[in-house]
Amino acid sequence: MNKKAVIKANLIYILIVVAFIATMSLFVWDQMNGASVWAEYFSKETTRIINTAVPGETVTLDIHKATEVARKNQVNRFEEIFEFDNANSRVCVKLSPGRKSCYYYFNNVDIIEPELILGRPINMLKFTIKEKQKRTNNE
Amino acid sequence: MNKKAALGGQTMFFVFLMTIIIIAAGIGIGVSAFFSTEYDFRQVDSVLLNQKISQCLSSKNLNLESIEQFASDFYEICGLNKNSTEKHFFIHIDVNNKKFFEQGSGDQTQCSLGEDNDQYMECTTNELTKKDKKIFLQTGSKQKSEKLRT
């Protein structure tokens with residue numbers, strides 16, 4: 001039996017193995033990218049800062065890693081990456097399309113003026129802590 | 001072509017495919033389990049909450065005689081968000097060894113169980129004295145990340 005015939009006979013197996021290796025590599029690489037883990041990390045660390053802060057303080061956080069992961073996953077708009085929900089006292093971080101990780105804080109404060117500062121020299125998130133405003137039931 | 005050999009080859013194809021599927025499932029489950037482990041923040045939460053309340057009890061003028069008065073002033077004076085605290089955290093206060101104030105999700109039993117089992121609440125305790133009153137403070141957190149679809 002010549003080489004061509006051997007290859008032809010086993011072509012389907014070779015194709016399946018190549019497809020398998022490619023799929024598994026993509027899957028493992030995607031998990032290592034860890035958008036879900038980083039979103040959880042940043043949401044929890046941000047709430048820790050909020051829980052220890054007092055009204056009037058301005059906080060600046062290094063979020064360079066978060067913006068790198070978000071950009072790799074095609075999440076480019078800042079408003080999408082960090083979301084401060086003052087009505088529910090929670091912080092949400094979205095680093096991959098279609099999914100965000102949220103965490104609640106117990107400090108009775110509002111987060112105002114969130115701002116992304118790009119490349120000076122790293123990407124940073126800046127926001128101000130303010131006393132909680134009373135809200136009506138409609139909010 | 002030898003038909004029996006061809007049939008054997010075709011049968012082995014399905015065995016090969018099953019093997020590939022089982023290996024792929026194993027790798028997928030293993031990698032997902034490894035990378036999806038929760039970054040456990042409950043102990044940090046309970047320590048911070050405990051510190052905040054301890055500081056408030058020590059320095060602020062809270063009424064430790066009347067439970068009703070204390071309950072109505074506590075959240076505002078200590079700067080805690082009532083809704084968030086009641087849903088995700090646990091606070092228990094004893095004054096002079098008597099139960100004085102308890103709110104939030106959970107109880108002291110869960111705190112005891114949490115010492116040996118990660119599935120239960122993570123708690124922090126503190127004791128302080130104020131104006132001859134012995135205060136026992138226990139705070140807990142069982143909050144896990146909320147993963148939401150957008």
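**Close-ups of a two-chain predicted model**

**View 1. What the largest pocket is lined with.** The lining of the largest pocket splits into 12 nonpolar, 16 polar and 10 charged residues. This is a predicted model, and the pocket in it holds about 1,100 Å³ of space. Of its 38 lining residues, those closest to the centre are Asn108(A) and Val109(A), along with Gly79(B), Leu80(B) and Asn81(B).

View 2. Chain A brings in α2 (35-52), while chain B brings in α2 (42-59), α3 (67-78) and α4 (82-88), each giving at least two residues to the lining. The top contributor is α2(B), with 6 residues.

**View 3. A salt bridge from chain B to chain A.** Lys147(B) pairs up with Glu40(A), and their closest N and O atoms sit 3.0 Å apart. The pair crosses between chains: Lys147(B) belongs to strand β5 (residues 146-149) of chain B, and Glu40(A) to helix α2 of chain A. Count over all chains and you get 14 salt bridges in the structure.

View 4. Ile7(A), Leu11(A), Ile14(A), Leu15(A) and Val18(A) together make a nonpolar surface patch of about 460 Å². One of them, Leu15(A), is found in helix α1 (residues 3-33) of chain A.

View 5. Chain B has a mean pLDDT of 88, with 92% of its residues at 70 or more. For the complex, the predictor gives an ipTM of 0.78 and a pTM of 0.78.

Conventions. Residues numbered from 1 in each chain as written. Chains lettered and ligands numbered in written order. Predicted model: local features only at pLDDT ≥ 70, side-chain atom pairs only at ≥ 80, totals over all residues. Heavy atoms only, no water. Patch = residues over 30% accessible without salt bridge, like charges linked within 9 Å, V, L, I, M, F, W, Y side chains within 5 Å. Areas by Shrake-Rupley, 256 points an atom, 1.4 Å probe, with all protein chains shown as cover. Salt bridge = Lys/Arg side-chain N within 4 Å of Asp/Glu carboxyl O. Helix = DSSP H or I, 4+ residues; strand = E, 2+ residues; numbered from the N terminus. 1 Å grid on protein atoms, 1.4 Å probe; cavity = no way out; pocket = protein on both sides within 12 Å on 5 of 7 lines; lining within 4 Å. Points joined across faces, edges and corners; volume = space filled by probe spheres on them. Nonpolar A, V, L, I, M, F, W, Y, C, P; charged D, E, K, R; others polar. pLDDT = per-residue confidence, 0-100.
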